[in-house]
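Here are my notes on this entry. Please read them with the model open.

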Amino acid sequence: MQLPFKIEKRLTPSRTASFFVPIASLLLALVFGGVLLLAAGANPLVTYKAMLQGAFGTPDQWAKGEFYNLSETIVKAIPLMLCGLGVSIAFRMLFWNIGAEGQLAMGGFAAAGVALFLAKYIPDPLLLPTMFVAGFLAGALWGLLPALLKAFLKVNEIIVTLMMNYIAVLWIEYLFYGPWKDPKGYGFPGSAQFPKAAWLPRFFGTRVHLGLVFALAAAVFIWIVLVRTKWGYEIRVIGENPRAANYAGISLVRNIILIMILSGGLAGLAGMSEVAGISHRLQKGLTVGYGFTAIIVAWLARLNPWGVLLVAFLLAALLVGGDQIQITMQLPASVALILQGAILFFMLGGAIFTEYRVRWIGWRRKGALLAAETGAETASG
Amino acid sequence: MRGIVKRFPGVLANDRIDFDVRAGEIHALLGENGAGKTTLMNILYGLYRPDQGQILLNGRAVAIHSPADAIRLGIGMIHQHFMLVPTLSVAENVALGLPSSRGFLLDLDVVTRRIRELSNVYGLRVDPTAMVWQLAVGEQQRVEILKALYRGADLLILDEPTAVLTPQEVRELFATLRRMAGEGHSLIFISHKLHEVLSISDRVTVLRDGRVVKTLPTSEATREELARLMVGREVLLRVERSPVELGDVRLSLKDLWAHGDKGVPALRGVTLAVRAGEILGIAGVSGNGQRELAEVIAGLRTPSQGQVEIDGMDTTGWSPERLLKHGLAYIPEERMRDGVVRDFSVEENLILKDHVDRPFASGIFMNFGTIASYADRLIENFDIRTPSRDAPLKNLSGGNIQKIVLARELSREPRVLVAAQPTRGVDISATEYIHQRLIAQRAKGTATLLISEDLDEILNLSDRIAVMYEGQIVGVVDQREATVEQLGLMMAGAHKV
């Protein structure tokens, strides 16, 4: 049997579709999630309202100048932005860096190492810049290794970056459970607290820290590189047509290496700003999957740096809102996760409709073909 | 086919086309790329559905929704790219997808017997037990024709069937086609090669811009008239080549060996020299090492042995970037894959390769102002038909895309030019223009290596012609002494006589 519709590729991605499809996807996800919530015995509308308030706060709170919920969403968005920017620029060149989580961990590790052990040798005003450089370099080095393997030996970067995540995550776990564990920490898995000079400045009495500025600056930097510079031109040629790049004398080796230094470095900065801006120690909870969520951020943003900022913020809202309904609605943690999953599933699945369209062709009439067939037989005989 | 209309977004691919084929007739469908030939045939074969119009088969209206319907109605199509499974035998390929007379069991002996019968009737020499990967291109094409005949095709559509054949194979194919027509089969022969259309068909229908310009009996047609109908104006079929003083040897290849993508030697000791002001044509059936030869010279493939010298310097193993600076220009065979970036604008494509240097870049930044004025100049000088320099390249026609590659490569005033299949898939007007440009470049003293499967092109442009067969140069002949017959024999591996 033939289906009465066909899925065709659009010649150009539709502008109206790229606007409405995400909205429709979100609505569908909410309807789907609503059914699940009903099954779990919760009122969907109340739950969604609680999520929104959890992520952004209420007008009453805003009137009183309380922006706690909103600021927490921004706090979660910062590492997503930095990792998302890093991942997206590697993806632009078809280098599938899925190792942002490990690069983030190594950035956090290096920054923490500087804060914990070198603080006494470095003047206070230089401590944060040193941590910044250390965090960037550590992430960059962690990204450089798979880049070198890919560039010179054609080793698959997906496997290498993925596996190196586990090395990095387990390495920092070893440190804060073992040698770096704070003796005065009551057995809590974490290092000693950093000296005050190693704390990133925070804004307006919230936990929003200077990492936000890093992320915004990184987005501006990437945008300028992509649209104004020779390097950006080469990255785009490689991303669109690697064979043409080779033919045009553009070095793949050099560009893979450079791009992964930047990509890993940005993820490393995310780790640095987490330890220096939020936890002020190297502790459990640094690697909670920002590096993986960043892959989704990059895709949903279609690798556009401004899009990454926006999508990172919205996904952070989803995370914070999900946490909130666990507390305020007494819903099991899994419900929040299912909702998050459903929204992502519908958003990513819906993206197909911006590039493809469904064309109704009607049910086939059996009779017409049969008549034609008999006709052909009589005539050809 | 009556009043066929097919719209694609932004294009009217077929505009009220009336087209008919009689029993026992070879009807040629002639037109440039984009004229709507393939669209029309895809409608007949059920790959597209027309927006308007109807198809009548033996006087009855039929609805063809899929190739399966078309086959059931006795319509067969031989595509330009063969649809065969290389690891299966000829008989297995023919039987593929058909019900077996023994239910679940294969009945290959029955199939084999039937193939032998068909081979005899139509003069299609193929061994049914041979594996498809062992067959030459011409033989594979015969398997495709057998497949269609086996399925009971009365009406056979052949889409540019001669593109991959040597002149001798073409002659053999034409004999088969005539025999099929003699048996009462109807054949539609799609082509843009005028002399083939004139020699094989009974009637010709010329399409231009999605419309039928004229249908006429072949006996009343001339080459010049067909070209005029196709293009819509008078066309120069031959380019004027004035004699040019030959200069020093600019490109020299010495005993060049290289492996192909599958690891087997694709070049087996090629030695050639091209002088300033000379066009050396490389003729040959595709897949005889021409692509590898071009890639080795352009620095995209490392030779296993031998030397490339450009302007007296050993450039073997140089990077494409370095060769570029040394004065080598390269028009790649697969321009969409290797030569351009589809999603980039015309202007961005025009500076590919030159983007690193002044005046297009200073420091780390690109100079968009300079790039824009440069692009405008090239668009005008090379007659590139584009809505603007910012238009995405993928919206342009094949001919205009090739002009972009040509503009980019020639505006560098190269000392050596390697042009691989410069007019493949390009319409007549653009071909004419590209030929004139290559000749003009010759007058300026560029040494050109022209690689082409189109013998007419080779004969038209080259000063000397080298024939490649299985990675070797079978012989080099002077253009004034070369004949199609002799080149054809050499292309099939016979040494220079």
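This is a predicted model: local features need pLDDT of at least 70, side-chain atom pairs count only at pLDDT 80 or more; totals for chains, interfaces and linings use all residues.

1. The backbone at A:Arg302 deserves a look. Its phi is near 50 degrees, a positive value in a residue other than glycine. Most residues other than glycine have a negative phi. A:Arg302 is partly exposed, with 15 other C-beta atoms within 10 Å.

2. B:Glu413 is not a glycine, yet its phi is positive, at about 50 degrees. The residue lies between helix 14 (398-410) and strand 19 (416-420) of chain B, in the loop. B:Glu413 is exposed: 11 other C-beta atoms lie within 10 Å.

3. Next, a helix pair in chain A. Helix 4 (residues 68-92) and helix 13 (residues 305-328) of chain A pack at about 135 degrees, their axes 7 Å apart. That angle makes helix 4 of chain A oblique to helix 13 of chain A. Their crossing is right-handed. Residues in contact include A:Leu80 and A:Met81 from helix 4, and A:Leu309 and A:Phe313 from helix 13. By class, this contact has 14 nonpolar, 4 polar and 2 charged residues.

4. Last, the contact between the chains. Chain A gives 24 residues and chain B gives 34. On the side of chain A that touches chain B, helix 16 of chain A has the largest share, 8 residues. That side has 12 nonpolar, 6 polar and 6 charged residues.

Conventions. Residues are numbered from 1 along each chain as its sequence is written. Chains are lettered from A and ligands numbered from 1 in the order in which they are written. Two residues are in contact if their C-beta atoms, placed from the backbone, lie within 7 Å. Helices (H or I, at least four residues) and strands (E, at least two) are DSSP runs, numbered from the N terminus. Ala, Val, Leu, Ile, Met, Phe, Trp, Tyr, Cys and Pro count as nonpolar, Asp, Glu, Lys and Arg as charged, and the others, Gly among them, as polar. Axes are lines fitted to C-alpha atoms, for helices over the stretch in contact, and angles run from 0 to 180 degrees between N-to-C directions. Angles under 35 degrees count as roughly parallel, over 145 as roughly antiparallel, 65 to 115 as roughly perpendicular and the rest as oblique. A crossing is left-handed if the near helix is turned anticlockwise from the far one by less than a right angle, and right-handed if clockwise. A residue is buried if 20 or more other C-beta atoms lie within 10 Å of its own, exposed if 12 or fewer, and partly exposed in between; C-beta atoms are placed from the backbone.
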